[in-house]
Structure formats: C-alpha cells, structure tokens
Amino acid sequence: MSDSFVKIENLARRHPAPKEGAPLVVFERVNFSMSKGEFVCIIGHSGCGKSTLLNVLAGLDQASEGAVIMDGREVSGPSLDRGVIFQNHSLLPWKSALKNVSFAVQSRWRDWSRAKVREHSQRYLDLVGLGSVGARRPAQLSGGMRQRVGIARAFAIQPKLLLMDEPFGALDALTRGMVQEELIRVWQQTQQTVFMITHDVDEAILLADRVLLMTNGPNARIAESVMIDIPRPRERTQIIHRPEYYAIRNHLVEFLVKRSKTWREQFPDDDDAREPVLVRPGLDAAPAARTDSPH
Amino acid sequence: MAPSSLPLRAAILSLLLLAILLGAWELAVQPPANTHGARVPGPSKIFEHAVNELSDPFYDAGPNDKGIGLQLAYSIARVLSGYLLAAMMAIPAGFVIGMSPLWRRALDPYIQVLKPISPLAWMPLALYVIKDSATSAIFVIFICSIWPMLINTAFGVASVRRDYINVARTHELSPLATALQVILPAAAPTILTGMRISIGISWLVIVAAEMLVGGTGIGYYVWNEWNNLNLASVIFSIIMIGLVGMLLDQLLAYAQGLVQYED
C-alpha cells in the first residue's frame, strides 16, 4: 500500500529482564499500515499486548524498537492528532458531559471563543444523541451514555487517527449494540481513520474494513490481516444472513481458538519486516458454489 | 398517627436530651440549705451570663476587660493567619511530593518526625526566635495545621487515577494546565479533607497557645476568668469555643461539598 496514512514499522515492545535472563517481549516485528478513512480492528486474546500496542500508537507508551509513522511524521509522545477512547470511558467526573467535550475542544483550538467551543461541543453531543443531557455529570449518566460522551469527545477534536481500546467492553450486550450503531453513524459522517481493539468477533465484523489478528503473547506478532468483504452500510440484523459473514466469522474464531497459539510454531523465524498476509475469506465465500476454503 | 420524618424525630430526641441534661445539672448544683461556698453555677446562671455578655460582645474596656466577641475575633484572626500561611505552603509542597516519588521518599523521614511533635513544644523556641508573643501563637497554629494538609495533598495528588493523567496527556495539556485542570480537581476532595482536619486542630491548639502567651484571645480569656474565679464565664466561654469550632468545621464541610465528585 503506497497510500498508507499510518505505517507501523518493525515495532517491538520489551520489558527489561528482572535479573539476568532474557527480557520479556510483549510483541515484536509488528508491521502494518492503514489508509486514510479506514476502520481497522485488532483482535487477540487478553494479555497478548493489544493495549500496549495501542498505547504506543497513542504515544502514551514508548516502543523499544521500530517506528509509528502517521501522515509522514514519526509519532513521539501523545498528541491531539490521535484521539484515544479508553476502556473505561475516562471522563473527568467533576465536569459535566458538555464540559468534558468542550475541555477537549478548547485544548484542540486554543484561540476559539467560548461560544464557538460550546457550539462545536454541543454539536458533537447531539451527534451521539446526548444533546439534552449535557449538564449532567458522568455519575448521573448510564454506562452507555458515558461511553457515548467519550466518543463525542474523541470525535469532536477531529483527530487524524482515532484509537479505541475495547470501548464497549464494559457495556451489556443491548447497550453495546446501540452504541456500536452510534459509532458507525458518526464514523460515516466524519470519515475518521480508526484503530480499535476488541475481542468480540461480531463487533469486529460489523465495524471494521479490515481485522488484524494478533497471536498470543508473549512474543506476540500480527499473524494475518483479514479483509471484511461485506458491503456497507451494514446492519446487524442483515449481515448475519450473508454467506460471507460466516466464512469470515469462522476464520476469525478459528484463529482465536486454535491458530493464535500455534501460529508462532508454524512460522518460527520470519525475520523479514513484511506486512501480515492479507486474507479475504469473504471473497471465497461469495460465489454461489460453496467450496471449502483453501485454508 | 402519621409517621414523622427521621430528622424531625431526631430533633425532638435531641431537645429532650438537652432538657434532661440541663435539668439534672440544675438540680445537682442546688446548694443544700445549711452550706455555703463556691459551687459550679447551674444552667440558669450561665444563661443569664450569656445574655449579658452577648448583648454587648465587642466592648473594649482595657486589657483585662473585653467582650467575648472581641476575644473570639482575636483567636479566629490568629487561627486564620496561621492556617492560611500553612495552606499556602502545604498545598504546593504536597503537590510536589505527590508528583515526585523522589521528593516523597526524601522528605518522608522529616515529615514522620515533625508530625507527632505537639505544636506547643515549639512555643519556647518560637518566642525566643520571633520575640513576639502574638506572632509566636500564629507560628504555633502554622506548624500544627501544616501536616494534615501536606500529607493529604500529597496523598490525593499521588493517587489521581492514571486515566485522568492520560486524558491530559492525549489532549496535550501543559504541565501547569494538567496540574490546575486535572490533578487539582481530582485531588480536591482529599485536599479539602486535610484542610478540614487542620482547621479543627488549629482551633484546639489556639486555646492552649493563648493561655501560654496571654494578652488577648479566647484562650487567655478562659484562663483570666478562672483566675477571677468566674466559673459562669468559664463555662460560657467553653460553649462559645465549641460553637465557633463547629462553625469553622461546617465552613470547610461546605467547601468540601463544592469540590466533591462521584466517581
């Protein structure tokens, strides 16, 4: 991909060894890229280093090796160019919902007038359907509403790249579905580039253009890059009737259950800094004649 | 019968207890017919005295004859000067200690040794160095109110959630903006708790300090009235000390309510 907007080159994160012995490698040889406007999900088991990877992309953590290049410049330290939605909403509890958004907007555009900041923030609260509860503090909002305020805050600063660390992990299934739809809507209106961690396979298929599969840690790698060849707009109730859906879903589940453990043994020494293999289980399934996939 | 509210029933019970207490006190101090001599005055006498004192609380008839309001004002002024001075030092210092593990470890032994010293133990040294009794009393208030504020600020700042700091970092807040917009409001409830403990201790200590340095203030007044064997005045002063202490505490409790947030 020559038009890559975000490029991750040979990234590694190691923790120094406690005493002698080898250092603990969280992940290494991570290479991938994202084009502008792309929605990329990464899935893998807990503890495989997804959050560490996201923190490195955000600039909150430092890589031991390699580089993150965004829009032609290397990432060093956190920046308003990369919005982050954390696992647990992380709204400031002493500020109202609107103030949580406008605080971010004000730090993005420091020369804006108070009225302009307010108007812009209100617009993004409206966008997530919370226009009328701006005066409430996070403690007075439900879990789903808090997460939506977090989404409004992240989108309001119009970052070049939006990073989300299992944003819906703490929500119940019904609320999650609703907030996911909200997210798709906002994403389609803003054409934001998104990198999102999840371990919900259905969520990844619903949201992503492409899903990166991460092997189990330590020494985690990105094993494959799976295209989600399902046309948009996607409806939760519609996509499950498409033949591609199950081909993709099975591929992802199979990876999580089996191959995430054994992948490293199959490919023990691939020292080259190449991007993960691109697979398209959806395309294979699309023809009417259903043959078993070549994998 | 309609069930009355809990606050109402509690108020009734409170008044009942007061009536019993005052009644018992009044009965206990009734002199037996055939004795005479000094006795603890009963509530009625003290009430009489209180009405008399409070009708003109701010009169000033020379060094040994000032109204109760004036004496309390001297004490409050001393407490506030020492306390505010302490807050001005303890809160910034607590910020530094809370943010820096190095400073925390380096200063911890000093804090641990200085904290348990009775503030009055500093009095001779203060008198010798400062050479002014009124300022020495302020210094004693300063030294006793600094520790709870320092320790609570450091603790509050050190335990600000990592998430909030990350929010500040991803929004490119400067260190100063992070301190003022994120850390300070996050730690404010803990800091206010320290300030509330400090004002309580200050009010406890000022009475003792003024008994030592003399001149003016409610502590001096109590001691002076004891020397005059005016027990009604002593008891009345004790009640006033309690009321003012409660007022100071309520002020800080109100401020605490303003910065409190639900996580």
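In chain B, helix α3 (residues 68–99) packs on helix α9 (residues 218–227) at an angle of about 135°, with the axes 7 Å apart. The model is a predicted one: local features need pLDDT of at least 70, side-chain atom pairs count only at pLDDT 80 or more, and totals for chains, interfaces and linings use all residues. Residues are numbered from 1 along each chain as its sequence is written, chains are lettered from A and ligands numbered from 1 in the order in which they are written, and side-chain values use heavy atoms, with hydrogens and water left out. Helices (H or I, at least four residues) and strands (E, at least two) are DSSP runs, numbered from the N terminus. Axes are lines fitted to C-alpha atoms, for helices over the stretch in contact, and angles run from 0 to 180 degrees between N-to-C directions.

α3(B) and α9(B) are therefore oblique to each other. Angles under 35 degrees count as roughly parallel, over 145 as roughly antiparallel, 65 to 115 as roughly perpendicular and the rest as oblique. From α3(B), the residues I68(B), Q71(B), L72(B) and S75(B) meet I218(B), G219(B) and Y221(B) of α9(B). This contact has 4 nonpolar, 3 polar and no charged residues. Here Ala, Val, Leu, Ile, Met, Phe, Trp, Tyr, Cys and Pro count as nonpolar, Asp, Glu, Lys and Arg as charged, and the others, Gly among them, as polar. Contact means heavy atoms within 4.5 Å.

α3(B) also packs on helix α4 (residues 101–114) of chain B, at about 120° and with the axes 6 Å apart. This angle makes α3(B) oblique to α4(B). V96(B), I97(B), G98(B) and M99(B) of α3(B) touch P101(B), W103(B), R104(B), L107(B) and I111(B) of α4(B). The classes are 7 nonpolar, 1 polar and 1 charged.

α8(B) and helix α10 (residues 231–259) of chain B pack at about 170°, their axes 9 Å apart. The two helices are therefore roughly antiparallel. The α8(B) side of the contact includes L192(B), M195(B), I199(B) and W203(B), and the α10(B) side includes I241(B), V244(B), L248(B) and L252(B). R196(B) of α8(B) and D249(B) of α10(B) are also among the residues that meet. By class, the contact has 14 nonpolar, 3 polar and 2 charged residues.

Between the chains, 18 residues of chain B are in contact with 22 residues of chain A. The two chains bury about 1800 Å² between them, 64% of it on carbon and sulfur atoms. Buried area is the accessible area (1.4 Å probe) that two parts lose on being put together, summed over both. α7 (162–170) and α8 (175–213) of chain B each supply at least two residues of the side that touches chain A. α7(B) gives the largest share, 6 residues. The side of chain B that touches chain A divides into 7 nonpolar, 5 polar and 6 charged residues.

The count of salt bridges between chain B and chain A is 0. A salt bridge is a side-chain nitrogen of Lys or Arg within 4 Å of a carboxyl oxygen of Asp or Glu. Over all chains, the whole structure has 23 salt bridges. In one of these, E28(A) pairs with R221(A), the closest N and O atoms being 3.6 Å apart. E28(A) lies in strand β2 (residues 24–35) and R221(A) in the loop between β9 (210–214) and β10 (222–227) of chain A, so the pair ties together parts 193 residues apart in sequence.

Two backbone features were found in chain A. The peptide bond from R232(A) to P233(A) is cis, with omega near -5°. P233(A) lies in the loop between β10 and α7 (236–239) of chain A. N10(A), a residue other than glycine, has a positive phi near 45°. N10(A) is in strand β1 (residues 4–15) of chain A.
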